[in-house]
Every structure is written in C-alpha cells, then in structure tokens.
Amino acid sequence: MIDANHIKGLYFLGIGGIGMSALARYFFAKGMPVAGYDHTPSSLTRTLENEGIAVSYEDDVATLPQWAADSATCLIVRTPAVPESTALTTFFRNNGYTIRKRAEVLGLVTREKKALCVAGTHGKTTTSTILAHLLRQSSIGTNAFLGGISNNYHTNLLLDTESPYVVVEADEFDRSFHHLSPYMSVITAVDPDHLDIYGTAEAYRESFEHYTSLIQSVLLVKQSVALTPRLAEGVQQLTYGVVETPRSNDLPDFYADAIRVAEGQIDFDFHTPTCVMRGMRLGVPVWINIENSVAAMAMAWLNGVKEEELRLGLTSFSGVYRRFNVHINKASMAYVDDYAHHPTEIATSIQSIRRLFPERHILGIFQPHLYTRTRDFAEGFAKVLAELDEVVLLPVYPARELPIEGVDSEMLCRKIQGFGQANVRVVEKQNLCQFLSGRVKATAAPMAVISLGAGDIDRLVPSIAEALNRN
C-alpha cells in the first residue's frame with residue numbers, strides 16, 4: 001500500500017509515456033513537486049517542460065532535484081518501459097525509496113473519486129475519450145486520465161475540481177487494472193492480447209473476470225463478449241451493442257439501430273432502457289465509433305447526462321490522436337493513420353477505410369509492435385493484412401524486448417503471401433517516404449493509404465503525409 005499522507009513529491013521513471021505524463025500533470029496541478037526521467041525527448045515531454053515540470057534525459061543521479069533526495073517523502077513511479085538496470089532505478093532501490101507502478105498510483109485517484117473506467121482489448125482510448133467529452137460538455141463535468149491525446153482538448157488529462165467523477169482508461173497490461181477501484185466500468189472486448197504476460201487466452205480472460213469483482217455499482221459489457229463476471233452483491237450488469245438488422249429478441253440494454261450513412265455522415269438512433277434518442281450524429285464518422293459511442297453515452301446517461309447534452313457532445317467530439325485520423329482527403333489521394341496493433345483492431349481499421357473509400361486501391365503500412373506479439377499473432381496479422389490491395393511492412397518495433405530468432409517482418413511477409421497477397425514488401429523506415437513517392441507517381445488511379453501500428457511509426461506520419469501530398 002501507499003501511504004499518501006507521507007508523499008511530498010513524486011519522481012517518474014518514464015515520464016514521457018502517455019499514462020505517466022497524465023499522472024505527473026495531475027499531481028503537479030495539486031501543487032506537489034514533480035519531476036522525471038525519460039530516454040528521449042518527445043512532444044509529451046516538451047509539454048511537461050513547458051508547464052514547469054523538470055524532465056531529465058540523462059540516466060544520472062546527479063540530475064535529481066534536491067527535494068527528491070529524501071527517500072521517506074519522495075515516491076518513485078515507474079513504468080516497465082524503463083529497464084531495471086538503469087542507474088536511477090538502481091539508486092532508488094538501493095536507498096530505500098518507495099517504488100510503485102503507475103497503476104498503483106492511479107489506483108489512489110480512483111479511490112478519491114467516482115471512477116468511470118473503460119477496460120477491454122480494443123476501443124478503450126476512444127470510448128474513454130468520448131465519455132470524458134460527453135461529461136465535460138455537460139453539467140456533470142469530469143476529471144479524466146486518457147490513453148491518448150484528445151483532439152478536442154489537445155491533452156491526455158482533464159481536471160475539474162468541482163466534479164466527483166474521474167474517467168480512467170483501465171489497462172489490462174501486466175494486470176494493471178487490478179489496482180483500480182471502479183465505480184462503474186465498461187468492458188469492450190476480451191480478445192486475447194499480451195500473451196507474453198498472461199501466457200494463455202484463458203488467463204487473459206480470467207484477469208478481466210477478476211477485474212469485474214472490483215466494480216462497485218455497474219458493469220456495462222458489450223453483449224457479444226464472452227465473460228463470466230464476478231460481481232459483488234448489488235452490482236448491476238448491463239449490456240450494449242449495435243443492431244444492424246431489425247430484431248425483437250435479445251436486444252442489449254443500450255444499443256444503436258437505424259444506422260444511416262450518407263454524404264460522409266453517420267446518424268443512428270440510441271436506445272436506453274427507458275427512451276430512444278433519434279438522429280444521433282457522430283462527430284467522427286467512422287463505423288467503429290458507433291459502438292464506442294453507445295458505450296460512452298450509456299455510461300454518461302447512467303450518471304445523469306441529459307439527451308440534449310449527449311446529442312451536442314457526440315456531434316462536437318473530434319476524435320483522438322492516432323485513432324483513425326484522416327490527414328489527407330482528396331479526390332486522388334487519402335491518408336489515414338491509426339494506432340491499431342492487434343489483428344482484430346487492424347481488421348476494423350481496414351473495414352472502416354474500405355467503407356469510406358470503396359472504389360480506391362488501398363495500401364497499408366504496418367509496423368509490427370513487439371517480437372512476442374508478432375510471433376503470437378502472426379497468422380492473424382497475415383490474414384487481415386492480406387485483405388489490403390497492397391502491403392508495406394516496416395521492421396518490428398522491439399520496445400522493451402530482445403529479438404526472437406525467426407520472428408521478423410520478413411517472416412510476416414511470407415505468411416501474408418501464403419494468404420494469396422503477392423503485393424507485399426518490407427521497407428526500412430528511412431526508405432519509406434521515397435518508396436511512397438515513387439509508388440504514387442507510378443499510378444494514376446485514386447489511392448487510400450493507411451498507416452498502422454503502436455511503435456514509433458507515429459513519428460513518420462508528418463513525413464508520410466508530406467510525401468503523399470506532393471503527388
């Protein structure tokens with residue numbers, strides 16, 4: 001346990017991470033001394049520095065601020081992305097500092113507020129960001145710790161001293177969400193992931209089932225999710241979903257139907273247990289956002305957000321950075337970037353871009369993330385990527401991992417060819433934009449390009465857009 005009463009300052013190892021930076025900003029806003037270390041500068045670390053938080057890029061004890069010298073009052077918050085072997089980590093361990101994972105510290109926050117948590121293999125970030133926006137734009141208000149940068153607010157942290165609520169993305173990696181105390185929670189999906197941590201699909205699903213035992217009020221789960229919740233007495237289970245064809249039996253408690261796609265817009269009717277809100281319009285007209293929005297609107301409605309507030313909030317939602325962001329949309333060229341890095345997510349992204357640009361040649365750029373994930377889901381990756389008209393693979397982004405013999409993008413390339421897609425190649429990052437420029441010049445047909453992955457492919461997005469725009 002963490003004795004919050006004795007914490008006088010916090011030092012973050014890996015402060016540039018999306019979740020770590022939000023937590024750092026939260027405690028800094030509360031008036032506490034905050035500093036941290038990260039390996040390389042980024043837009044997130046620059047934002048932290050601009051707000052007054054000291055960030056060091058040197059793994060050197062000499063860079064520590066003076067207040068961090070007291071091991072009794074300085075709490076160290078760490079992420080697995082920072083190796084145990086760093087000089088700073090070694091110093092903290094050898095000198096009696098309290099070191100806690102980010103999730104443990106986030107758990108403190110969820111015990112102070114009514115935590116509306118969003119868990120699941122897919123859709124966490126978009127759903128939680130829509131929920132936060134709906135609450136923020138209503139009379140209810142909210143605090144929020146988001147797993148991405150909201151395009152509405154240009155931040156991953158929302159603060160509201162008057163609101164009793166906090167929206168939290170509940171991350172299942174390393175069982176982090178077991179440290180949370182959810183007042184209510186959405187579960188979007190339990191498709192196996194992070195098998196380097198869990199080992200089996202059964203263990204992964206069991207982790208979600210344990211998570212449900214922590215919920216205090218309501219579990220809202222996608223109707224098709226195969227899960228056996230372990231709810232405490234008095235906790236209500238509700239379902240949500242999307243109904244594309246009319247039916248009268250076995251409807252979810254909350255659902256969208258009468259979906260209408262026209263002139264680049266998506267409208268639908270939103271059903272609650274007691275009313276129907278007709279003609280709801282997505283601010284970001286992507287098919288998967290219907291499902292994400294139903295979950296977010298249901299949670300907001302359960303906590304008192306009114307119909308007109310939901311309607312205005314949904315229409316004004318402008319998306320999340322790297323969640324199906326459209327960077328170019330011209331008659332000859334479209335370019336979309338998406339964070340998808342699991343076979344199911346990639347399949348959804350490909351379906352979405354085909355719905356938007358049904359007549360175009362679609363080229364996908366994929367950067368595999370982690371050797372273990374590439375190994376564990378190679379067949380799934382190959383099958384969904386083969387559905388593209390053309391595939392470009394970047395080398396595997398290793399993150400925290402060492403290479404695994406026989407696991408690389410060349411292996412994935414061969415598997416994609418095995419599914420009947422011959423138009424696939426591996427391209428080094430430094431050669432990608434030159435390749436794309438040549439590829440576009442060589443064809444007169446309209447194209448749509450989508451970049452996919454959770455590694456450092458996001459750093460290439462401006463260059464990709466520039467290369468595609470020149471043609």
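Analyst: Strand β11 (residues 218–222) and strand β12 (residues 236–242) run parallel and are joined by five bridges; strands here are DSSP E runs of at least two residues and helices are H or I runs of at least four, both numbered from the N terminus, and two strands pair if DSSP finds at least two bridges between them. Lys-222 has Tyr-240 of β12 as its bridge partner. This is a predicted model, in which local features need pLDDT of at least 70 and side-chain atom pairs count only at pLDDT 80 or more, while totals for chains, interfaces and linings use all residues. Residues are numbered from 1 along each chain as its sequence is written, and side-chain values use heavy atoms, with hydrogens and water left out.

The two strands belong to an open sheet of 10 strands with mixed pairing, in the order β8-β7-β9-β6-β10-β11-β12-β13-β14-β15. Because β8 (155–158) and β15 (276–281) stand at the edges with a single partner strand each, one side of each is left without a neighbour in the sheet. On average, and with direction ignored, neighbouring strands of this sheet are turned by 20 degrees against each other. Helix α9 (residues 307–316) lies across β14 (265–271) and β15, and runs at about 20 degrees to β15; axes are lines fitted to C-alpha atoms, for helices over the stretch in contact, and angles between N-to-C directions run from 0 to 180 degrees.

Turning to helix pairs, the axes of α5 (residues 124–136) and α8 (residues 288–302) come within 8 Å and cross at roughly 45 degrees, which means that α5 is oblique to α8; angles under 35 degrees count as roughly parallel, over 145 as roughly antiparallel, 65 to 115 as roughly perpendicular, and the rest as oblique. The crossing of α5 with α8 is right-handed, a term used if the near helix is turned clockwise from the far one by less than a right angle. Contact, meaning heavy atoms within 4.5 Å, involves residues including Ile-130 and Leu-134 of α5 and Ala-296 and Met-299 of α8. The residues of this contact divide into nine nonpolar, five polar and no charged, where Ala, Val, Leu, Ile, Met, Phe, Trp, Tyr, Cys and Pro count as nonpolar, Asp, Glu, Lys and Arg as charged, and the others, Gly among them, as polar.
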